[in-house]
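Please keep the sequence and the coordinates open as you read.

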Amino acid sequence: MSDTILETRGLTKEFLGFLAVQNVNLSIRRGSIHGLIGPNGAGKTTCFNLLTKFLQPTRGTIIYDGRDITNTKPAEVARLGLVRSFQISAVFPHLSVLENVRLALQRARGASFDFWRSDSTLKQYDARARELLEDVGLTEYAALQAGQLPYGRKRALEIATTLALEPVMMLLDEPTAGMTSDDVDRIVTLIKRVSVGRTVLLVEHNLKVVEGLCDRITVLARGEVLAEGDYASVSRNPDVQAAYLGT
Ligand code: ADP
């Protein structure tokens, strides 16, 4: 098994002549937490969408676990274990927290809605859903309508529904955005816990979070890789400092 779980070569995305991502070569080590950072408009979200195949690259290749996934469909990529976190909008607000995770499990396993009628199958899903809620610290909220969850807990639910897909590599898009500092601490602990035995690619604005979590960091600016390394080395890099100050 190769040390590198995900690699891109010359990854490029052009929108009507505008290069949102240009010639990006990423190399992500298996089992690491890898940060993707950069100022607004740097191309982070576009990169995420390319890696999970929500967008098709204009040029370049994506190799995941030794397999060329450049032309693979998003659902197949997810089945291979490369899974992005669902956005909060994907949480069903009128269903309970438990039902949301159960539904994610049913979808992940391709279950048809006939399964709703089978008590024993439903029980199995419920048991697994409760385990996942325990993993993300949401046990006490299981019966609550998802729409009633405090914001920080919604992000934890989003992680639980992502875990339902049994990811080998998780892509988390700004998991601490808009959170209070207590919630940030909780989600950092949670990411550390769920990253055991997995690879995580994290887009994150909060540099303290990046420093605390990431083994390696790629800095993007204007669609290109500006720097790569551990936190200490990229934060000392004058090009990175200039990009963040907008100079
Ligand atoms: P980041 O996530 O780092 O803030 P994005 O990947 O969202 O950056 O955007 C990178 C650049 O690509 C931005 O200038 C943005 O306006 C542009 N862009 C992103 N998506 C599209 C699109 N669908 N059509 C045109 N331009 C886009």
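## Model and confidence

This is a predicted model, in which local features need pLDDT of at least 70, side-chain atom pairs count only at pLDDT 80 or more, and totals for chains, interfaces and linings use all residues. Residues are numbered from 1 along each chain as its sequence is written.

The chain has a mean pLDDT of 91, and 94% of its residues reach 70 or more; pLDDT is the predictor's confidence in each residue, from 0 to 100. For the complex, the predictor gives a pTM of 0.91 and an ipTM of 0.97.

## Around the ligand

Around the ligand you will find F15, F18, A20, G38, N40, G41, A42, G43, K44, T45 and T46. A residue is included if its C-beta atom, placed from the backbone, lies within 6 Å of the molecule. By class, this shell has 4 nonpolar, 6 polar and 1 charged residues. Here Ala, Val, Leu, Ile, Met, Phe, Trp, Tyr, Cys and Pro count as nonpolar, Asp, Glu, Lys and Arg as charged, and the others, Gly among them, as polar.

Both β2 (18-24) and α1 (44-51) supply at least two residues of the shell, and α1 gives the most, with 3 residues. Helices (H or I, at least four residues) and strands (E, at least two) are DSSP runs, numbered from the N terminus.

## Helix α5 and its two partners

Helix α3 (residues 97-108) and helix α5 (residues 151-163) have axes that come within 8 Å and cross at roughly 30°. That makes α3 roughly parallel to α5, a label for angles under 35 degrees, with over 145 as roughly antiparallel, 65 to 115 as roughly perpendicular and the rest as oblique. Axes are lines fitted to C-alpha atoms, for helices over the stretch in contact, and angles run from 0 to 180 degrees between N-to-C directions. On the α3 side, V97, N100, V101 and A104 meet L157, A160 and T161 of α5. These contact residues comprise 5 nonpolar, 2 polar and no charged. Contact here requires C-beta atoms, placed from the backbone, to lie within 7 Å.

The axes of α5 and helix α6 (residues 181-194) come within 10 Å, crossing at roughly 15°, and the two helices are therefore roughly parallel to each other. From α5, G152, R155, A156, I159 and L163 meet D183, R186, I187, L190 and V194 of α6. Their classes are 6 nonpolar, 1 polar and 3 charged.

## Helices α3 and α4

How do α3 and α4 cross? The axes of α3 and helix α4 (residues 119-135) come within 9 Å at roughly 115°, so the pair is roughly perpendicular. The contact joins V97, L98, V101, R102, L105 and Q106 of α3 to Y125, D126, R128, A129, R130, L132 and L133 of α4. It holds 8 nonpolar, 1 polar and 4 charged residues.

Notes
Contact = placed C-beta atoms within 7 Å.
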